[in-house]
Amino acid sequence: MKASIVDPIGLDVPIQKVYPSFTERYFQQKYSIDVDGKTSEDHCVLVHSNRICIVTLAPTHPVIASRKTISKVNFQVADKTNRLQNTVQGKRKHGAQTLNPMSILCMLECEDGTTYTVRSCVFGKLIEINENLVENPQLLFDKPDSDGYIAIVLPNLSTNEKFKTNLLLKEDYLKEVEKRTTVNEIKP
C-alpha cells in the first residue's frame, strides 16, 4: 500500500539528529597534556586547515573539570606585556605579538586562591585575545569551543608541521586521560 502525501508520517517518534558544531566540523582537536609539567593542566588547540589555531582549555583542566569559580582572567603576563594590547594590522599581521609554545596567554585567578597559567602551545603570531573573558569568565565553561576561547594564533609556516606533531590527536588524548585515571585509582 502506497502512502499518500496527506497521510501522517509517524510524528510519535522524535527525530534525534545531532549536528556537529562549527568547530567540530572545521577544526581538528589537538591537545597538549600536563602543560608546563603540571599534571592535568591540559590545553586544547583547535587547528583549522588554513593553519589558524584556537587555544582553549581541555575538559580535563582543573578549572573546567572542577568548575572552579574564576575571579579574574589576567592578560597582564609580564611587566611590559599585556596580551590585551596586541594590535594586528594587514595581511602579514604586523604588530602581532610573537609566541612560542611556552608563552603565557593569560592567568586564571580562582576564588579559592589558586592561579593557573594558560600557555600558547603554538609557535606563531597572536592574532586575537578573547577580551570577553575579562567581563565574563563563565564563557570558559559555557562555550569553550566558541565564545569561551582564549586566543587565536597563526602558526609560523616553518614550524607548522612541527608543532602539530607535538600535540596529541583526540583519540591519543583520551587514552592518556584514561591512563591517568587508572593510575590515580591504583594509588592508595
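How many disulfides does a search of the whole structure find? The search finds 0 disulfides, a disulfide being a pair of cysteine sulfur atoms within 2.5 Å. This is a predicted model, in which local features need pLDDT of at least 70 and side-chain atom pairs count only at pLDDT 80 or more, while totals for chains, interfaces and linings use all residues. Residues are numbered from 1 along each chain as its sequence is written, and side-chain values use heavy atoms, with hydrogens and water left out.

**Cysteines**

Take Cys-53. Its sulfur lies 10.0 Å from the closest cysteine sulfur, in Cys-121, which is too far for a bond. Cys-53 is buried, at 0% relative accessibility. Buried means under 20% relative accessible area, exposed over 50%, and partly exposed in between (1.4 Å probe, protein chains only). Cys-121 is in no disulfide either. For Cys-121 the nearest cysteine sulfur belongs to Cys-44, 9.5 Å away. Cys-121 is buried too, with a relative accessible area of 8%.

**Salt bridges**

The structure holds 6 salt bridges. Each is a side-chain nitrogen of Lys or Arg within 4 Å of a carboxyl oxygen of Asp or Glu. Three of them are tabulated.

| Pair | N to O distance | Accessibility of the Asp | Accessibility of the Lys or Arg |
|---|---|---|---|
| Asp-34 and Arg-180 | 3.1 Å | Asp-34, 29%, partly exposed | Arg-180, 14%, buried |
| Asp-112 and Lys-68 | 3.0 Å | Asp-112, 51%, exposed | Lys-68, 16%, buried |
| Asp-147 and Lys-143 | 3.4 Å | Asp-147, 38%, partly exposed | Lys-143, 38%, partly exposed |

Salt bridges that share partners join Asp-34, Asp-42 and Arg-180 into one network. The side chains of Asp-34 and Arg-180 meet in a salt bridge. Asp-34 lies in the loop between strand E1 (27–32) and strand E2 (43–48), and Arg-180 in helix H6 (residues 170–186), so the pair ties together parts that are 146 residues apart in sequence. Helices (H or I, at least four residues) and strands (E, at least two) are DSSP runs, numbered from the N terminus.

Lys-68 forms a salt bridge with Asp-112. Lys-68 sits in the loop between helix H2 (62–65) and E4, and Asp-112 in the loop between E8 and E9, so this pair ties together parts that are 44 residues apart in sequence.

**The E8–E9 hairpin**

Strand E8 (residues 104–110) and E9 pair in the antiparallel sense over 5 bridges. Two strands pair if DSSP finds at least two bridges between them. E8 and E9 form a hairpin with 4 residues between them. In the turn, Gly-113 has a positive phi of about 95°. Cys-106 stands opposite Val-118 in E9. Strand E9 (residues 115–119) is mostly covered, with 4 of its 5 residues buried.

**Around Phe-75**

Where is Phe-75 found? Phe-75 occupies the loop between strand E4 (70–74) and strand E5 (76–78). At 2% relative accessibility, Phe-75 counts as buried. Leaving aside neighbours within four places in sequence, Phe-75 is in contact with residues including Thr-81, Leu-84, Leu-105, Cys-106, Ile-129 and Leu-133. Contact means heavy atoms within 4.5 Å. Asn-82, Arg-83, Asn-130 and Val-134 are also among the contacts of Phe-75. The C-alpha atoms of Phe-75 and Ile-104 are separated by 8.7 Å, with the two residues 29 apart along the chain.
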